[in-house]
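Hi,

Here is the structure I promised to pass on.

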Amino acid sequence: MFKNLSTEALGVTGHQSEIIELALSFGFEGIEVNMADFAEQAANYGLPHAKRLIESAQIRVGLFQLPVAWTGDEERFRQTMEKLPAVAETAAQLDCRRCVTLVQPASDDRPYQENFEFHRQRLGEIADVLAPHGICLGLNFQATAAGREGRAFEFIHSLESLVQMAKNVGRENVGVVLDLWQMYIAGDTLDHAKSLAPDRVVALYASDAPADADLEKIEDRSRLMPAETGVIDAAAAVATLTEWGCDGPLIARCHRASLKDKRRDPIVRLAGERLDRIIKGQQPEDATEESDSLEPSTSATE
C-alpha cells in the first residue's frame, strides 16, 4: 500500500499546486484530486496543460470521489451521469483507477430490500461506465448511530453488509473502502472483506479512537489521527492487507476538531509521520516525539 494524501480527509484545503507541494514535502506517494474539476480543466485548456503539475512532480493520483448524484431523483442522476464518461476517461489518462463513494446508512423513502435493489441497479450502471477505463468503484459505509437517527428505514451500516452489496452489484469493478474507524464502531473485522479479490479493496482509511469511547454514542469529532491511542491497530491492518496482495492507497483520516488549532503544514506532516509509523508496524508508544509542537512552515500554509 502507498501513502496517499487526501486533504479533505484531514479537514484542510489547498490549490492543486499546494497539495502537491505538501505531499512531496511530507513523503506521500499519491494525492486525491477533484476529478470532475480536473476533467473540466482538461476540456477547456487541454490535458497536457491540466496535468503538467502532476507530471512534473512525478506523483500518483491515488483515487477520486465519484462525482455522480446517484442517491437522489432520476433527473439529477441522469444529469450528473452524462459527465461521468469524460471524467472516467480523464482519470484513466492520469492512470488513476480508483473511485470511491459513500452508501448512506438510512433512508426516508425506501425500506431495506427496495433500497438494496435501488443501490444495486444504480451502482451497476455507474460501474459499467467506469469499467472500460479500468476504474474500480469502492463503496464506503457509515456506522455511527447519528447517521441513522430519525430516519424511517435503516440501511447498510457495517462492512459485512457492504461487502454483500458490492458482490450483489454483479460487477468485477465494484469493491469496498476499508474505513478502520467505521469498522471499529460496527464491530467488523478484516475477515469480512477476505472473500473479495485484492484489487477490490479500493482504499484503506486509517484513524484512531478514544480509549473510553461509547460506541453507541460516538460522533465524527472523535475520529482521531491514526496511531494516536492504539485503540485501532492500523499497523496490523496494513500488514494483513499487504499479505493479501492489496496495493491501494493508505489514507490518514481524522476530524478537524481533534487537531486543535494546528494549521495545514503541521497537520499534513503529522499524518505523514503517523502513516510511516503504521507501515513500519510501530505502535503509538514507539514514538519519542510528537508533531503537536510543530509550527507551520513558510510554504504551503493556509
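**How the helices pack**

Helix 3 and helix 7 are roughly perpendicular to each other, a label used for angles from 65 to 115 degrees, while under 35 degrees counts as roughly parallel, over 145 as roughly antiparallel and the rest as oblique. Before going on, a word on the source: this is a predicted model, in which local features need pLDDT of at least 70 and side-chain atom pairs count only at pLDDT 80 or more, while totals for chains, interfaces and linings use all residues. Residues are numbered from 1 along each chain as its sequence is written, and side-chain values use heavy atoms, with hydrogens and water left out.

Back to that pair. Helix 3 covers residues 35-45 and helix 7 covers residues 84-93; they pack at an angle of about 85°, and their axes are 9 Å apart. Axes here are lines fitted to C-alpha atoms, for helices over the stretch in contact, and the angles run from 0 to 180 degrees between N-to-C directions. Helices (H or I, at least four residues) and strands (E, at least two) are DSSP runs, numbered from the N terminus. On the helix 3 side you'll find Met-35, Ala-36, Phe-38 and Ala-39, which meet Ala-86, Val-87, Thr-90 and Ala-91 of helix 7; contact means heavy atoms within 4.5 Å. By class, the residues of this contact are 7 nonpolar, 1 polar and no charged. For those classes, Ala, Val, Leu, Ile, Met, Phe, Trp, Tyr, Cys and Pro count as nonpolar, Asp, Glu, Lys and Arg as charged, and the others, Gly among them, as polar.

Now try helix 6 (residues 74-81) with helix 8: the angle is about 10° and the axes are 12 Å apart. These two are therefore roughly parallel to each other. Helix 6 brings Glu-74, Phe-77, Arg-78 and Met-81 to the contact, and helix 8 brings Arg-122, Glu-125, Ile-126 and Val-129. This contact of helix 6 with helix 8 has 4 nonpolar, no polar and 4 charged residues.

**One face of helix 9**

Which residues of helix 9 are buried? In this helix (residues 159-168) they are Leu-159, Leu-162, Val-163, Met-165 and Ala-166, where buried means under 20% relative accessible area, exposed over 50%, and partly exposed in between (1.4 Å probe, protein chains only). Looking down the axis of helix 9, you'd see its buried residues fall within an arc of 160°, so they line one face of the helix; the arc is that of the directions from the helix axis to the C-beta atoms. An α-helix has 3.6 residues a turn, so residues three or four places apart point the same way. The cover over the buried residues of helix 9 includes helix 8 (112-130), strand 6 (136-140), strand 8 (174-179) and helix 10 (180-186). After helix 9 comes Gly-170, with a positive phi near 80°.

Most residues other than glycine have a negative phi. Asp-95 has a positive one, near 60°, and sits in the loop between helix 7 and strand 4 (98-102). Ala-227 also has a positive phi, of about 60°, and is found in the loop between strand 9 (201-206) and helix 11 (234-244). Are they buried or exposed? Asp-95 is exposed, at 54% relative accessible area, whereas Ala-227 is buried, at 7%.

- Arg-264 belongs to helix 12 (residues 264-279) and counts as buried at 2% relative accessibility. Its side chain reaches the backbone oxygen of Thr-13 at 2.5 Å.
- Thr-144 lies in the loop between strand 6 and strand 7 and is buried, with 2% relative accessibility. Its side chain makes a polar contact with the side chain of Gln-142 at 3.1 Å; that term means a pair of N or O atoms within 3.5 Å, where within protein one must be able to donate a hydrogen and the other to accept it, and residues adjacent in sequence count only if both atoms are side-chain atoms. Not counting residues up to four places away in sequence, Thr-144 touches Trp-181, Gln-182, Ile-185, Ile-218 and Asp-220.
- Glu-149 is in the loop between strand 6 and strand 7 (153-154) and is exposed, with a relative accessible area of 64%.

Happy browsing!
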